[in-house]
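Work through the exercises below with the sequence and the model side by side. Try each task before reading its solution.

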Amino acid sequence: MTKQVVIVGGGVIGLLTAFNLAKDVERVVVCDKGELGGESSWAGGGIVSPLYPWRYSPAVTALAHWSQDFYPQLGEHLFSSTGVDPQVHVTGLYWLDLDDEAEALAWAKREGRPLSKVAVSEAYAAVPVLGPGFNSAVYMAGVANVRNPRLLKSLKAALQALPNVTLQEHCEITGFVREGERIAGVQTTAGTIEADEVVLTAGAWSGDLLRLLGFSLPVEPVKGQMILFKCAEDFLPSMVLAKGRYAIPRRDGHILVGSTLEHAGYDKTPTPDALQSLRASAIELLPALADATPVGHWAGLRPGSPEGVPYIGRVPGCEGLWLNCGHYRNGLVLAPASCQLFSDLLSGREPIIDPAPYAPHGRLEAL
Ligand SMILES: Cc1cc2nc3c(=O)[nH]c(=O)nc-3n(C[C@H](O)[C@H](O)[C@H](O)COP(=O)(O)OP(=O)(O)OC[C@H]3O[C@@H](n4cnc5c(N)ncnc54)[C@H](O)[C@@H]3O)c2cc1C
């Protein structure tokens, strides 16, 4: 049995990785430079589906499907064991005026997903607050959203209850301990921590950390801004999406509208331009929001990666170092499958799905 695993970064990927590994290894330490779950995993919308699932590779689809099936039981398990409900809210999702409807329908047929073309009048009947002027609709039943800040809170509580897990907040990893070709631990702002295995789950910061070891990992921050409204509980019965912008209803009537896609380095400042643009999208989708003032506006940094395919597995030529990062726009939906696959690999079990597309091998370059 592996003795000690150190996990670098406590977003949804790091926390769920720790939760899974705690069953298989003697001791798990999660370090975060800030508060656990304070970055992209908090900022995201929590749609339990890629925005346009048919536009992704089979690698992303495989993780998404496994996770979608698993989310309800994860939510129930975390709720019953911690008392914090991540609120996996099944609402279905309407796409309006899609340019690539034929591709969406062909994908659904091929993948056996419950996505179908519906009369636009059906969308207006199901979502009476939908704005005028939409001409076509595609609906996928069963799509959920998870209340990601609560998911993180419940994961943290579940980990705090495990005797073999240590959570270290405000503990930044600044370097690695090397023993020849092996990584034997991490250097942190709170001292050195030895480890048999080190896992990088540092989201948008993963590329910078790997650079310290002479590898170029194409994971970079992609800023996304969101706004939040508070409406009546039954205001919006389904998620709706048009022209890349979406509205997500939470169970208590909060409505999230997102999101921007910006390359601005590590800057997380919400901007007036984005506020204006998101408000315009909100009003186009749901005109009643013209009379509402947003109750929140924030930005997060997605861990952007080529094609959004995450890196899951061992770093070649660097014994003791593993990656689970680069989930780009889909880290919340992909988390359960990514973290199960990861713990299967580290623990030497039969993996839930073919790990080859996510392997760092062949996808990293030496600097
Ligand atoms: C606006 C927006 C909307 C989104 N909507 C959705 C959606 O609807 N559905 C979906 O599936 N996904 C969505 N996403 C994407 C999703 O949020 C991310 O893919 C996911 O949260 C990535 O998780 P992570 O754990 O890898 O990264 P993060 O949550 O960013 O966690 C990484 C952690 O590593 C820590 N860290 C970094 N460097 C160090 C260091 N040196 N030492 C210690 N700790 C360190 C950070 O502090 C951070 O807590 C959205 C993202 C944004 C921004």
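A residue is buried under 20% relative accessible area, exposed over 50%, and partly exposed in between (1.4 Å probe, protein chains only). This is a predicted model, in which local features need pLDDT of at least 70, side-chain atom pairs count only at pLDDT 80 or more, and totals for chains, interfaces and linings use all residues. Residues are numbered from 1 along each chain as its sequence is written, and side-chain values use heavy atoms, with hydrogens and water left out.

**Exercise 1.** Classify Leu-159 as buried or exposed, and list what Leu-159 touches.

Step 1. Locate the residue. Leu-159 sits in helix 6 (residues 148-160). Helices (H or I, at least four residues) and strands (E, at least two) are DSSP runs, numbered from the N terminus.

Step 2. Read its accessibility. Leu-159 has a relative accessible area of 0%, so Leu-159 is buried.

Step 3. List its contacts, meaning heavy atoms within 4.5 Å. Leaving out residues up to four places away in sequence, Leu-159 touches Leu-15, Ala-18, Phe-19, Val-165 and Leu-167.

Step 4. Leu-159 and Ser-259 are 100 residues apart in sequence, and their C-alpha atoms are 31 Å apart.

**Exercise 2.** Describe the interface between domain 1 and domain 2.

Step 1. Find the domains. Domain 1 covers 4-44 + 150-218 + 306-366, and domain 2 covers 93-141 + 220-304. These bounds come from an automatic or database domain assignment.

Step 2. Count the residues in contact. Domain 1 gives 14 residues and domain 2 gives 17. The C-alpha centres of the two domains lie 30 Å apart.

Step 3. Take the buried area: the accessible area (1.4 Å probe) that two parts lose on being put together, summed over both. The value here is about 1300 Å², with 55% from carbon and sulfur atoms. On the domain 1 side, Ala-204, Tyr-328 and Arg-329 lose the most area, together 42% of what that side buries.

Step 4. Look for charge pairs. A salt bridge is a side-chain nitrogen of Lys or Arg within 4 Å of a carboxyl oxygen of Asp or Glu. By that rule, 1 salt bridge crosses between domain 1 and domain 2.

Step 5. Find the main contributor. Helix 2 (residues 40-43) supplies 3 residues, the largest share of the domain 1 side that touches domain 2.

**Exercise 3.** Which residues form salt bridges with Glu-39?

Step 1. Start with Lys-33. The closest N and O atoms of Lys-33 and Glu-39 are 3.5 Å apart.

Step 2. Go on to Lys-268. Its salt bridge with Glu-39 has closest N and O atoms 3.1 Å apart. Lys-268 lies in the loop between strand 17 (254-258) and helix 8 (272-285), and Glu-39 in the loop between strand 2 (27-31) and helix 2; the two are 229 residues apart.

Step 3. Lys-33 is partly exposed at 37%. Glu-39 is partly exposed at 24%. Lys-268 is partly exposed at 34%.

**Exercise 4.** How many salt bridges does the structure hold?

Step 1. Take the total. The structure holds 13 salt bridges.

Step 2. Inspect one of them. Glu-284 and Lys-243 meet at 2.5 Å, N to O. Glu-284 is in helix 8, and Lys-243 is in the loop between strand 15 (239-242) and strand 16 (245-249), 41 residues apart.

Step 3. Glu-284 is partly exposed at 39%, whereas Lys-243 is exposed at 66%.

Step 4. Trace a network. Salt bridges link Asp-24, Asp-344 and Arg-349.
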